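Try each task by yourself before reading its solution.

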Amino acid sequence: MKPPLPALFLMGPTASGKTALAVALAQQLDGEVVSVDSALVYRGMDIGTAKPTRDEMAGMPHHLIDIIDPTDSYSAAQFHADAMTLIEDIAARGKLPILAGGTMLYFKALEEGLSDLPQADAQVRARLDAEAAERGWPALHQRLAELDAATAARLAPADSQRIQRALEVWELTGQPMSALIARGREGAPALNLLKLALLPHDRAWLHARIALRFEKMLEAGFLAEVEALRERWTSLSLELPSMRCVGYRQAWEYLDGEIDGPTLIAKGVAATRQLAKRQLTWMRSMQNLIEIDCQRPDLVSPALDAARPWRAGLP
């Protein structure tokens, strides 16, 4: 049997400092960075996703960034396949795969494999979208709670994309998504994992960073970016996964004159805080995490202290 492939997971909530730390670890540990972020895959969505710049990447190879248009979709299954190919390739070249990001479902898929869930059904999704437009996503969340309490409990009432998926799975299979996931996973890869988690000891600190980052995005031209996206891809709409990314829906509403500037900021910051809350909830359910306080001025030293002995023990 082949030995397990090495992989370092670097996870954390939005605005916790993952980008800079991933580059530092790659430099110190002879690695390459694989993005674990469902928003960074989209071309043209740079400012609103806080996509790392060329300077921030510091000449370090980064993978799974800018790989599809915002009119396309990218599933956890696609990520799983792409990431495993990259892990094998990076390891084969004697480098360390460093998987960094905040899409916890992707991390979970890599560690545990993929559940046997049905493919997306356009007709079912269109019907659920129409129902949500009439009744609101919280009403569909309530229905989900009656059908699949375990899944509903981990979703916010406004988490449209995941509520839709869970209801879609129910309609296509007649079974709760949580039960299908628990029944067993396919293709769980053999990985030798080190899992580092950036966590704040004060939630208010993270909220302040989120608010500051959203304001800086606006100053950097976030609204112009969304306007350019709408002009370049005329089929773009709020129903597409790309425009469900945090901040983009709010920017779209502002450009359509549905909300004013202060409301844009308030809603954008609130949506980002909800994302961070979901990310922290996911991490609390994960096992064998090495936690690093992301509020400390030096993140590199404790990360290297954890990673170097593990790296030295790899075959």
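**Exercise 1. Cysteines**

How many disulfides does the structure hold? Then find out whether C245 and C294 are buried or exposed.

*Solution.* Keep in mind that you are working with a predicted model. Step one: a disulfide requires a pair of cysteine sulfur atoms within 2.5 Å. Step two: the structure holds 0 disulfides. Step three: turn to the accessibility of two cysteines. C245 has a relative accessible area of 13%, and C294 has a relative accessibility of 5%. Buried means under 20%, so C245 is buried, and C294 counts as buried too.

**Exercise 2. Two packed helices**

Work out how helix 11 and helix 12 are arranged, and describe the residues that meet.

*Solution.* Begin with the geometry. Helix 11 covers residues 222–232 and helix 12 covers residues 248–255. Their axes lie 10 Å apart, and the packing angle is about 80 degrees. Angles of 65 to 115 degrees count as roughly perpendicular, so helix 11 is roughly perpendicular to helix 12.

Next, list the contacts. Helix 11 brings F222, L223, E225, V226, E227, L229 and R230. Helix 12 meets them with Y248, A251, W252, Y254 and L255. Sorted by class, the contact of helix 11 with helix 12 has 9 nonpolar residues, 3 charged residues and no polar ones.

Now zoom in on W252, which lies in helix 12. The relative accessible area of W252 is 11%, so W252 is buried. Setting aside residues up to four places away in sequence, W252 touches V226, R230, L236, S237, L238 and M243. Finally, compute a distance: W252 and L193 are 59 residues apart along the chain, and their C-alpha atoms are separated by 40 Å.

**Exercise 3. Helix 8 from end to end**

What is the span of helix 8 from its first C-alpha to its last, and which of its residues are buried?

*Solution.* Count first: helix 8 runs over residues 160–173 and has 14 residues. The expected span is 1.5 Å times one less than the number of residues, which gives an expected 20 Å for helix 8. The helix reaches 20 Å, close to that expectation.

Then check burial. The buried residues of helix 8 are S160, I163, Q164, R165, A166, L167, E168 and V169. Take S160 as an example: its relative accessible area is 10%, so S160 is buried. Leaving out residues up to four places away in sequence, S160 touches W137 and R244.

Last, look at what follows. Just after helix 8 comes G174, with a positive phi of about 75 degrees.

**Exercise 4. Positive phi values**

*Solution.* Start at helix 4, residues 104–112, where M104, Y106, F107, A109 and L110 are buried. Helix 4 is followed by G113, whose phi is positive, near 85 degrees.

Now move to residues other than glycine. A50 has a positive phi near 55 degrees and lies in the loop between strand 2 (31–36) and helix 2 (54–57). At 26% relative accessibility, A50 counts as partly exposed. A58 has a positive phi near 50 degrees and is placed in the loop between helix 2 and strand 3 (62–63). At 41% relative accessibility, A58 counts as partly exposed.

Technical notes:
Residues are numbered from 1 along each chain as its sequence is written. This is a predicted model: local features need pLDDT of at least 70, side-chain atom pairs count only at pLDDT 80 or more; totals for chains, interfaces and linings use all residues. Side-chain values use heavy atoms; hydrogens and water are left out. Axes are lines fitted to C-alpha atoms, for helices over the stretch in contact, and angles run from 0 to 180 degrees between N-to-C directions. Helices (H or I, at least four residues) and strands (E, at least two) are DSSP runs, numbered from the N terminus. Angles under 35 degrees count as roughly parallel, over 145 as roughly antiparallel, 65 to 115 as roughly perpendicular and the rest as oblique. Contact means heavy atoms within 4.5 Å. Ala, Val, Leu, Ile, Met, Phe, Trp, Tyr, Cys and Pro count as nonpolar, Asp, Glu, Lys and Arg as charged, and the others, Gly among them, as polar. Buried means under 20% relative accessible area, exposed over 50%, partly exposed in between (1.4 Å probe, protein chains only).
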